[in-house]
There are 4 protein chains.
Amino acid sequence: MQHTDIMTSPTDYSTIPTPATCYVDFCLVPVGTANVSVAQEVAQVQKLLNASRLTCTMHSAGTTVEGSWDEVMKVIGQAHSLVHQTGVLRVQTSMRVGTRTDKTQTAAQKIKRVEDILAAEQD
Amino acid sequence: MQHTDIMTSPTDYSTIPTPATCYVDFCLVPVGTANVSVAQEVAQVQKLLNASRLTCTMHSAGTTVEGSWDEVMKVIGQAHSLVHQTGVLRVQTSMRVGTRTDKTQTAAQKIKRVEDILAAEQD
Amino acid sequence: MQHTDIMTSPTDYSTIPTPATCYVDFCLVPVGTANVSVAQEVAQVQKLLNASRLTCTMHSAGTTVEGSWDEVMKVIGQAHSLVHQTGVLRVQTSMRVGTRTDKTQTAAQKIKRVEDILAAEQD
Amino acid sequence: MQHTDIMTSPTDYSTIPTPATCYVDFCLVPVGTANVSVAQEVAQVQKLLNASRLTCTMHSAGTTVEGSWDEVMKVIGQAHSLVHQTGVLRVQTSMRVGTRTDKTQTAAQKIKRVEDILAAEQD
């Protein structure tokens, strides 16, 4: 009898989609510039993000972007290219990426959930 | 005189490409499964990576993938979907992403550079 | 003539201090719990952080803590132990750590710098 | 009857220990140096790590250190100071930190577990 393990067949992987929604927090650092401050580059990236239709929230240690996997990753890739275009030879980014299939939860909802738990414990 | 600031015009951002090469080290963690071990999920992801044409190196705290930005990000997105397909409701990944425009340097070359410096100091 | 390379002598490393100030953004994830939500654990960690004297800012993808290296790392280690005490067998944290010797810059100042650059370009 | 919630009392937090063992993978990046290469700084950090008694494994996208929370965090803090001592004004590190209370697993064991799963599926 012939046994075919679909999951382990390499050709099947091409049909796996990327996630429809994701949650990415990233922190981009230009490397190899004499300038210690990265504010100029961060500002350029913020303008790029604002021009996209994605929900973005800047905080002091990074920026959170919400959208489809492909869209979010594309705009962060463009952020790297944008910083390279200003003459920076090396760009290093740290990312936290989250996906979930049970429900969609916005950045604001995540924070509210924690605050509600803390408030309830105060009672 | 008309002044046109090309860089700040939102419509121009669409023409910025994603990087032709990048270097991504990622660590994927399934969340919300009763199982403490993540080895099963990591093994599934390794098979997905092996099926791609990208250069991948697994180490004890993650896997490094080299290739074009779009290809690398696509396969990591597929890794999220693959783990979700096994019933995991939430997947969290930590990534370090590097791009450089001055030269291409493989994983092996990076390590050799450091080892050469250390060996030279021994002399 | 005797040559002593102080920097490469192993015994000297013990005298190197840890940084007096640092900036750490961390995201803690409990692993191996059947619960998809991590809000309960995050809330417990927030209470621990509030009990410390460190400046902490929670955002939707993590929490930023400012203080001396030793104090900040201690409280994040305690956060791991606290979550373990609730029965979680495995805890995974992603951290971004920054130190600088030229000046001290608070979380609020970092964001203002970027906003000022963006505002100036609007003029 | 009087009810005292020990866990929510701020004064109790001081007694929480940091984890006895942890697993940290870190990638240190010097910022604000004109030099694109970070190999020189990475080599200095490797010597510092080798001088410690901790188990360290360098790979192309970082270094994994195993030991007690306090020891591991101390040596990474010293790595920041060491790089600052060479004149670098800003140092940024990305870390993945894991702790578990069910068992201790070395770097080598983690990789073997995944390889065993992959080998078993080949049969």
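A salt bridge is taken here as a side-chain nitrogen of Lys or Arg within 4 Å of a carboxyl oxygen of Asp or Glu. By that rule, the count between chain A and chain B in this predicted model is zero salt bridges. Polar contacts tell another part of the story: 19 residue pairs, with both members at pLDDT 80 or more, are in polar contact across the interface of chain A and chain B. On the side of chain A that touches chain B, α1 (39-51), α2 (69-85) and β4 (90-100) each supply at least two residues. Sorted by class, that side of chain A holds 17 nonpolar, 16 polar and seven charged residues.

Chain A brings 40 residues to the contact, and chain B brings 40 residues. Between them the two chains bury about 3,400 Å², with 57% of that area on carbon and sulfur atoms. Within chain A, the residues that lose the most area to chain B are A:Tyr13, A:Ile16 and A:Met95, which together account for 16% of what that side buries. The two chains are also joined through their strands: β4(A) pairs with β4 (residues 90-100) of chain B in the antiparallel sense, over 11 bridges. Within this pairing, A:Thr99 has B:Val91 of β4(B) as its bridge partner.

We can turn next to the interface of chain D and chain A. Here 17 residues of chain D are in contact with 17 residues of chain A. The area buried between these chains is about 1,100 Å², and 67% of it lies on carbon and sulfur atoms. Three residues, D:Gly32, D:Val36 and D:Arg90, supply 38% of the area that chain D buries against chain A, more than any other three residues. By class, the side of chain D that touches chain A divides into eight nonpolar, seven polar and two charged residues.

A hairpin of two residues joins β2(D) to β3(D). Strand β3 (residues 62-67) of chain D is largely enclosed by the rest of the structure, because six of its six residues are buried. Both faces are covered: D:Gly62, D:Thr64 and D:Glu66 are buried on one side, and D:Thr63, D:Val65 and D:Gly67 are buried on the other.

C:Ala34 is found between β1 (22-31) and α1 (39-51) of chain C, and its relative accessible area of 60% makes it exposed. Beyond its neighbours within four places in sequence, C:Ala34 is in contact with B:Gly32, B:Thr33 and B:Ala34. Within chain C, the C-alpha atoms of C:Ala34 and C:Val65 are separated by 29 Å, with the two residues 31 residues apart along the chain.

Methods. Residues are numbered from 1 along each chain as its sequence is written. Chains are lettered from A and ligands numbered from 1 in the order in which they are written. This is a predicted model: local features need pLDDT of at least 70, side-chain atom pairs count only at pLDDT 80 or more; totals for chains, interfaces and linings use all residues. Side-chain values use heavy atoms; hydrogens and water are left out. Contact means heavy atoms within 4.5 Å. Buried area is the accessible area (1.4 Å probe) that two parts lose on being put together, summed over both. Ala, Val, Leu, Ile, Met, Phe, Trp, Tyr, Cys and Pro count as nonpolar, Asp, Glu, Lys and Arg as charged, and the others, Gly among them, as polar. Buried means under 20% relative accessible area, exposed over 50%, partly exposed in between (1.4 Å probe, protein chains only). Helices (H or I, at least four residues) and strands (E, at least two) are DSSP runs, numbered from the N terminus. Two strands pair if DSSP finds at least two bridges between them. A polar contact is a pair of N or O atoms within 3.5 Å; within protein, one must be able to donate a hydrogen and the other to accept it, and residues adjacent in sequence count only if both atoms are side-chain atoms.
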